[in-house]
Amino acid sequence: MLAYEEYYTYEDYRKWEGDWELIHGMPYAMAPFALPKHQLISSKIVTKLNILLKNCPKCNALMETEIMVSKDTILRPDVIVYCGEIENKLTKTPPIIVEVTSKSTLKRDELIKKEIYEREGVKYYILVSSEDKNIKIYKNYHGRFVKEDIKKFEFDECEIEVDFSDI
């Protein structure tokens, strides 16, 4: 018996209704809406980052922004820092990506997406647990994420110091 696995691309993805991510041609349904706790954590992070980025004129923190990694991988992280012209399609790899995790997303965020972000050259990947408020910060060294306990983030021409403990 032959196994048939469906494969989708951005052309398919952009026609779908609802909230989806596409990872290596496989669709992943996202929750129809973020739970209030998840929204609160994400909005606090975006607010904090944008305040810290006020002296960096080309960088902004954004929520739930679509990132097209390739024709068959489109991700929607909870928070990104993006440096450059903001248009409908972001073309540069964000230096910082934050995922607010829950039991239902932990495996995807901690394994699958982490590997993609690592390979794509994201400088800092931050996982914030919505359940136990645990924070994991990974810094990319030559294509490999290393878990670190850091507060200073340097990227492009910017340097910010972020304390996530009050989030």
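Which cysteine forms a disulfide with cysteine 59? The partner is cysteine 83, and the two sulfur atoms lie 2.0 Å apart. The model is a predicted one, in which local features need pLDDT of at least 70 and side-chain atom pairs count only at pLDDT 80 or more, while totals for chains, interfaces and linings use all residues. Residues are numbered from 1 along each chain as its sequence is written, and side-chain values use heavy atoms, with hydrogens and water left out.

The structure holds two disulfides, a disulfide being a pair of cysteine sulfur atoms within 2.5 Å. The link of cysteine 59 and cysteine 83 is right-handed, with 110° about the S-S bond. This pair connects distant parts of the chain, cysteine 59 lying in strand S3 and cysteine 83 in strand S6 (residues 79–83), 24 residues apart. Helices (H or I, at least four residues) and strands (E, at least two) are DSSP runs, numbered from the N terminus. Cysteine 59 and cysteine 83 are both buried, where buried means under 20% relative accessible area, exposed over 50% and partly exposed in between (1.4 Å probe, protein chains only).

The other disulfide joins cysteine 56 to cysteine 158, with sulfur atoms 1.6 Å apart. Here too distant parts of the chain are linked: cysteine 56 sits in the loop between helix H2 (36–52) and strand S3 (59–63), and cysteine 158 in strand S12 (residues 158–161), 102 residues apart. Both of these cysteines are buried. With bonded cysteines counted along the chain, the pattern is 1-4, 2-3.

Turning to the interior, nonpolar side chains tend to be buried together in soluble globular proteins. A nonpolar core is taken as a set of buried Ala, Val, Leu, Ile, Met, Phe, Trp, Tyr and Cys residues joined through side-chain atoms within 4.5 Å. The largest such core has 26 residues, and those with the most contacts inside it are Ile45, Ile96, Phe153 and Phe155. Helix H2 gives the largest share, four residues. Leaving aside neighbours within four places in sequence, phenylalanine 153 is in contact (heavy atoms within 4.5 Å) with residues including Ile96, Tyr124, Cys158 and Phe164.

Aromatic rings complete the picture. The structure holds 10 aromatic pairs, counted when ring centres of Phe, Tyr and Trp (its six-membered ring) lie within 6.5 Å; planes under 30 degrees apart are stacked, over 60 edge-to-face and the rest tilted. Tyrosine 8 and tryptophan 16 are edge-to-face because their planes stand at 80°, with centres 5.2 Å apart. Ring pairs join Tyr8, Tyr10, Tyr13, Trp16 and Trp20 into a cluster.
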